[in-house]
Amino acid sequence: MGKREAVRRRTFAEILETAGRMAEAEGWRAVTIRRIAAEIGYSTPVIYQHFPSKEAVLHTLLGQANGELAERMRAAVAGEPASRGPHLAATAYLEFARSRPSLYQLISGAPGTDVDASTRRAAAADVITFTRQLIGAWAAETAAEPPSVEDACDLLWGTLHGLASIGSIEDIGFDRALRLADQAVTALLDHWSASTTNPEGRPQTAEGEK
């Protein structure tokens with residue numbers, strides 16, 4: 001690698017690190033190209049050589065955030081029984097939201113992130129694919145047949161997003177959110193397992209009961 005390329009890569013990484021640090025301290029609305037330049041001591045045109053806009057910075061960070069989330073979830077379930085996969089992945093998800101709050105806000109589309117929903121979903125493609133595989137592996141090991149893996153994936157994501165929001169409330173916190181996640185995932189898995197023996201989703205009745 002030549003010296004010029006090494007400098008380019010270092011500056012690129014420094015811009016992203018500075019933007020993330022500013023968001024952590026002041027929120028995503030505070031992040032601007034001008035402020036990034038001032039923070040790291042470069043002129044604004046230097047930043048524009050790497051990123052044409054704030055949105056480009058956010059899109060790059062969004063990809064990195066989803067990559068880190070996917071890596072954490074994969075690491076959490078590696079070598080573990082598939083039947084435990086959804087629980088372990090849920091814990092990894094909430095721990096990511098706890099330890100990387102600004103990046104989680106970017107993933108979830110918090111105010112000031114200025115990233116549209118379709119872009120966020122596209123950036124999460126790897127995480128979504130992994131979650132579907134996770135649910136599929138759980139179903140195969142437990143002989144459950146969720147009515148729709150896609151619906152199951154969205155239900156799990158929606159539940160975890162809500163719990164992450166609860167965890168960010170100071171007087172509730174992530175310890176409680178993690179306990180609730182264990183209960184919520186258990187309830188979802190039990191429901192999907194019950195759907196296997198009762199595919200119409202109605203309560204079972206004793207033979208001959210009206």
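# Close-up views of a predicted model

**Figure 1. The largest nonpolar core.** Of the 60 residues in the largest nonpolar core, those that touch the most other members are Ile 36, Val 57, Leu 69, Met 73, Tyr 93, Leu 94 and Trp 157. Two or more core residues come from each of helix H1 (3-26), helix H2 (33-40), helix H4 (54-77), H5, H6, helix H8 (125-142), helix H9 (149-167) and helix H10 (173-197). H4 gives the most, with 10 residues. A nonpolar core is a set of buried Ala, Val, Leu, Ile, Met, Phe, Trp, Tyr and Cys residues joined through side-chain atoms within 4.5 Å. Buried means under 20% relative accessible area, exposed means over 50%, and partly exposed lies in between (1.4 Å probe, protein chains only). Helices (H or I, at least four residues) and strands (E, at least two) are DSSP runs, numbered from the N terminus. In soluble globular proteins, nonpolar side chains tend to be buried together.

The model is predicted: local features need pLDDT of at least 70, side-chain atom pairs count only at pLDDT 80 or more, and totals for chains, interfaces and linings use all residues. Residues are numbered from 1 along each chain as its sequence is written, and side-chain values use heavy atoms, with hydrogens and water left out.

**Figure 2. Met 73 and Ala 92.** Contact means heavy atoms within 4.5 Å. Not counting residues up to four places away in sequence, Met 73 touches Ala 89, Ala 92, Val 127, Phe 130, Thr 131 and Trp 157. Ala 92 lies in helix H5. Its relative accessibility is 10%, so Ala 92 counts as buried. Leaving aside neighbours within four places in sequence, Ala 92 is in contact with Arg 72, Met 73 and Ala 76. The C-alpha atoms of Ala 92 and Ile 36 are separated by 31 Å, and these residues are 56 residues apart along the chain.

**Figure 3. Helix H5 against helix H6.** The axes of H5 (residues 85-99) and H6 (residues 101-108) come within 5 Å and cross at roughly 115°. H5 is therefore roughly perpendicular to H6. Axes are lines fitted to C-alpha atoms, for helices over the stretch in contact, and angles run from 0 to 180 degrees between N-to-C directions. Angles under 35 degrees count as roughly parallel, over 145 as roughly antiparallel, 65 to 115 as roughly perpendicular and the rest as oblique. H5 brings Tyr 93, Phe 96, Ala 97, Arg 98 and Ser 99 to the contact, and H6 brings Pro 101, Leu 103, Tyr 104 and Ile 107. By class, there are 7 nonpolar, 1 polar and 1 charged residues in the contact of H5 with H6. Ala, Val, Leu, Ile, Met, Phe, Trp, Tyr, Cys and Pro count as nonpolar, Asp, Glu, Lys and Arg as charged, and the others, Gly among them, as polar.

**Figure 4. Helix H1 against helix H4.** H1 and H4 pack at an angle of about 85°, with their axes 10 Å apart. The two helices are therefore roughly perpendicular to each other. From H1, Phe 12, Ile 15, Leu 16, Ala 19 and Gly 20 meet Val 57, Thr 60, Leu 61 and Gln 64 of H4. The contact of H1 with H4 holds 6 nonpolar, 3 polar and no charged residues.

**Figure 5. Helix H1 against helix H2.** The axes of H1 and H2 come within 10 Å and cross at roughly 105°. H1 is therefore roughly perpendicular to H2. In H1, Glu 14, Ile 15, Thr 18, Ala 19, Arg 21, Met 22 and Glu 26 meet Arg 35, Ile 36, Glu 39 and Ile 40 in H2. The contact of H1 with H2 has 5 nonpolar, 1 polar and 5 charged residues.

**Figure 6. Ser 102 and its surroundings.** Ser 102 is found in helix H6. At 4% relative accessibility, Ser 102 counts as buried. Its side chain makes a polar contact with the side chain of Glu 24 (2.7 Å). A polar contact is a pair of N or O atoms within 3.5 Å; within protein, one must be able to donate a hydrogen and the other to accept it, and residues adjacent in sequence count only if both atoms are side-chain atoms. Leaving aside neighbours within four places in sequence, Ser 102 is in contact with Gly 20, Ala 23, Glu 24 and Trp 28.

**Figure 7. Ala 143 in a loop.** Ala 143 is found in the loop between H8 and H9. Its phi is positive, about 65°, although Ala 143 is not a glycine. At 56% relative accessibility, Ala 143 counts as exposed.
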